[in-house]
Amino acid sequence: MRRTEKNATAWSMVLVPLGIAAIMTPAIMLAASGSGQGFDSVVNSIESRYHAHATKIPFMGLISGIAGIATHGGVRGLHVAEFEDFRGDGDGVDGAEFNALIEKHVGGGWQRMVRETSRKGGEQSLIYVRAEGSHVGMLVVDLDGHDLNVVQMSMNPDQLMHEVAKHHHHETHDSSDDQAAGESE
Amino acid sequence: MKRIEVWTSVLALGIVAGAVSALGQDALPAPSPIEKTLAERATHVTEVTLDKNMLAFASKFMDGDKDGDKEDKAVKEMIRNLKGVYVREYEFDKENSYTGAELEGLRKYFESSDWSPMVHERTKGVAQGTDVFVKLVNGQMQGLFVLDAEARELSLVLILGPIDIDKLSGLGGNFGIPKDAMKKAQKEAGK
């Protein structure tokens with residue numbers, strides 16, 4: 001009996017830390033792929049590699065909050081950084097190197113969905129997405145000529161499409177009302 | 001007690017084996033080294049890689065179109081059930097910027113037992129043409145690969161999952177899938 005109790009204690013000593021580790025791992029992974037990476041990491045890496053300075057939009061937090069309220073949670077966590085007159089290495093950027101730089105700093109959880117690149121380096125578009133519960137995170141890095149923009153947002157596709165459909169319905173309703181009023185005149 | 005352990009092990013092994021086999025069947029292929037060399041030569045490259053989760057996410061944005069006709073809805077339904085879409089489009093500033101050997105290398109992956117050639121169209125004297133391979137499982141199309149080689153453009157489209165050939169052209173223009181390549185594939189497959 002005593003031996004059974006000892007065995008049970010020994011097992012609990014192994015299983016309890018294992019259980020805690022199993023519960024904590026997703027939380028740790030989620031934190032590691034959070035705001036420390038993604039947008040901030042990508043913007044910082046571009047700034048340091050190309051010696052450029054990003055212009056952050058003032059009151060972005062407020063704008064993001066308003067967007068969240070206006071779309072009833074359809075869009076949230078908006079981040080925008082703009083590099084004006086971005087010259088890269090003087091004559092654009094090397095597409096492969098630019099892609100590797102973003103890939104390295106975007107962090108875990110992000111999957112590249114689209115890459116569009118031109119050999120001369122004037123056009124680079126990278127779109128990454130990641131699952132964020134009911135939301136989907138989207139990170140867009142777009143270089144067009146000398147304008148480089150980095151945008152990150154979190155969207156709820158169901159809510160967003162619900163809002164779009166509602167707006168579309170209102171618009172259709174209003175235009176048919178106008179048409180009816182015009183005909184009666 | 002021992003019987004439970006044995007059954008647990010069998011179940012665990014079954015889950016792992018199932019997951020590995022599912023990954024092997026539905027996973028998008030790793031880019032071939034040929035694609036890298038083509039990308040280096042091309043003036044413009046478009047790469048689109050969508051797995052099942054991304055397709056599910058993308059299809060949600062199509063749900064808002066309530067006024068869409070029946071055909072649109074059928075295409076959306078097909079997209080929702082797809083397991084992966086892989087598109088590579090290379091544009092070149094000069095004609096014949098790729099070789100017949102490179103096209104052969106790209107086709108090689110699909111010359112396995114799972115895939116059957118459906119269309120094999122060639123232009124005499126140049127490395128141009130269209131190839132369509134299909135993956136048939138129990139008589140149902142579960143995959144499609146289109147290699148469309150034009151004078152200054154090379155397109156690779158790989159679609160994994162259940163495909164309705166009649167709705168194929170509806171996929172063109174979505175997710176970077178070239179419209180012309182899909183129309184051509186549907187036309188050739190319908191012959």
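The model is predicted: local features need pLDDT of at least 70, side-chain atom pairs count only at pLDDT 80 or more, and totals for chains, interfaces and linings use all residues. Residues are numbered from 1 along each chain as its sequence is written, with chains lettered from A and ligands numbered from 1 in the order in which they are written.

**The sheet.** Show the strands (DSSP E runs of at least two residues, numbered from the N terminus). Strands pair if DSSP finds at least two bridges between them.

Pick A:Val114 and find its bridge partner, B:Val48.

**The contact.** Now select both sides: 17 residues from chain A and 18 residues from chain B. Here, contact means C-beta atoms, placed from the backbone, within 7 Å. E1(B) gives seven residues, the largest share of chain B's side.

**The core.** Which residues touch the most other members of the largest nonpolar core? Select A:Val42, B:Leu50, B:Val85, B:Val146, B:Val157 and B:Ile159, out of 66 residues. Such a core joins buried Ala, Val, Leu, Ile, Met, Phe, Trp, Tyr and Cys residues through C-beta atoms within 7 Å; buried means 20 or more other C-beta atoms within 10 Å of the residue's own. Strand E6 of chain B, residues 153–160, gives the largest share, six residues.

How values were computed:
Two residues are in contact if their C-beta atoms, placed from the backbone, lie within 7 Å. Helices (H or I, at least four residues) and strands (E, at least two) are DSSP runs, numbered from the N terminus. A residue is buried if 20 or more other C-beta atoms lie within 10 Å of its own, exposed if 12 or fewer, and partly exposed in between; C-beta atoms are placed from the backbone.
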